[in-house]
Amino acid sequence: MKKEDCIFCKIANGEIPSRTLYEDDQFRVILDLGPATKGHALILPKEHAADIFEISEETASGVLVLAKRMAVKMTQKLHCDGMNLVQNNGEAAGQTVPHFHLHMIPRYHNDGQKINWIPGECTQEELEAVKREITG
């Protein structure tokens with residue numbers, strides 16, 4: 001996708017209005033239009049990268065620093081009980097907009113959300129085989 005066609009590039013760079021919570025020269029943090037919970041926000045880098053595989057290491061590290069700052073502020077202001085940070089890469093992983101972004105989802109006791117996975121089972125031998133496959 002070309003940067004000119006990317007809706008998140010347009011939002012991040014102020015071409016499309018948003019409910020902006022924070023902005024600097026690298027990022028814009030906006031409220032999600034389809035929030036999972038009250039305060040659900042997105043961290044959008046202003047520089048286009050489709051996913052984790054394309055984002056620069058500098059931008060990747062900046063996202064986490066900003067997420068920590070925003071999580072502290074959001075927790076204080078919204079009195080949430082926890083926070084999910086969710087970042088999807090690729091259609092199979094649930095990514096719907098091909099522009100790297102980090103979801104910040106405030107969690108509240110009994111909010112009805114299920115943002116988890118079903119733990120699988122495997123043997124020690126299977127774990128060792130996967131380790132060898134990745135590190136070998």
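**Ground rules.** I'm working on a predicted model, where local features need pLDDT of at least 70, side-chain atom pairs count only at pLDDT 80 or more, and totals for chains, interfaces and linings use all residues. Residues are numbered from 1 along each chain as its sequence is written, and side-chain values use heavy atoms, with hydrogens and water left out.

**Overall.** I find 3 helices and 5 strands, where helices (H or I, at least four residues) and strands (E, at least two) are DSSP runs numbered from the N terminus. Along the sequence they read α-β-β-β-α-β-β-α. The C-alpha atoms fill a box of roughly 50 × 40 × 25 Å along the principal axes. Of the 136 residues, 35% count as buried; buried means under 20% relative accessible area, exposed over 50%, and partly exposed in between, with a 1.4 Å probe and protein chains only. I also looked up contacts (heavy atoms within 4.5 Å): among those between residues at least 6 apart in sequence, 54% join residues at least 24 apart.

**Sheet.** I traced an open sheet of 5 strands in the order β1-β2-β3-β5-β4, with antiparallel pairing; two strands pair if DSSP finds at least two bridges between them. At the edges sit β1 (20-23) and β4 (82-86), each pairing on one side only. From one strand to the next the twist averages 20°. Angles here run from 0 to 180 degrees between N-to-C directions, using axes fitted to C-alpha atoms, for helices over the stretch in contact.

**Strand β5.** What does β5 pair with? On one side I get β3 (residues 41-45) with β5 (residues 102-107), antiparallel over 3 bridges, with I43 opposite L102. The β4 and β5 pairing is antiparallel too, over 5 bridges, and there M83 stands opposite P106. As for cover, 6 of the 6 residues of β5 are buried. In a regular strand, side chains alternate between the two faces of the sheet. Here L102, M104 and P106 point one way, while H103, I105 and R107 point the other.

**Helix α2.** I followed α2 (residues 57-78) across β1, β2 (27-31), β3, β4 and β5, and it runs at about 20° to β5.

**Cores.** A nonpolar core is a set of buried Ala, Val, Leu, Ile, Met, Phe, Trp, Tyr and Cys residues joined through side-chain atoms within 4.5 Å. The largest one has 15 residues, and V29, I43, V63, L66, M70 and M104 have the most contacts inside it. Two or more residues each come from β2, β3, α2 and β5, with α2 giving the largest share, 6 residues. Apart from it I found another core of 9 residues, including I11, A12, I30 and L44.

**H103.** Is H103 buried or exposed? H103 counts as buried because its relative accessible area is 14%. Its side chain makes a polar contact with the side chain of H40 at 2.8 Å; that term means a pair of N or O atoms within 3.5 Å, where within protein one must be able to donate a hydrogen and the other to accept it, and residues adjacent in sequence count only if both atoms are side-chain atoms. Beyond four places in sequence, H103 touches D32, H40, A41, L42, N84, L85 and V86.
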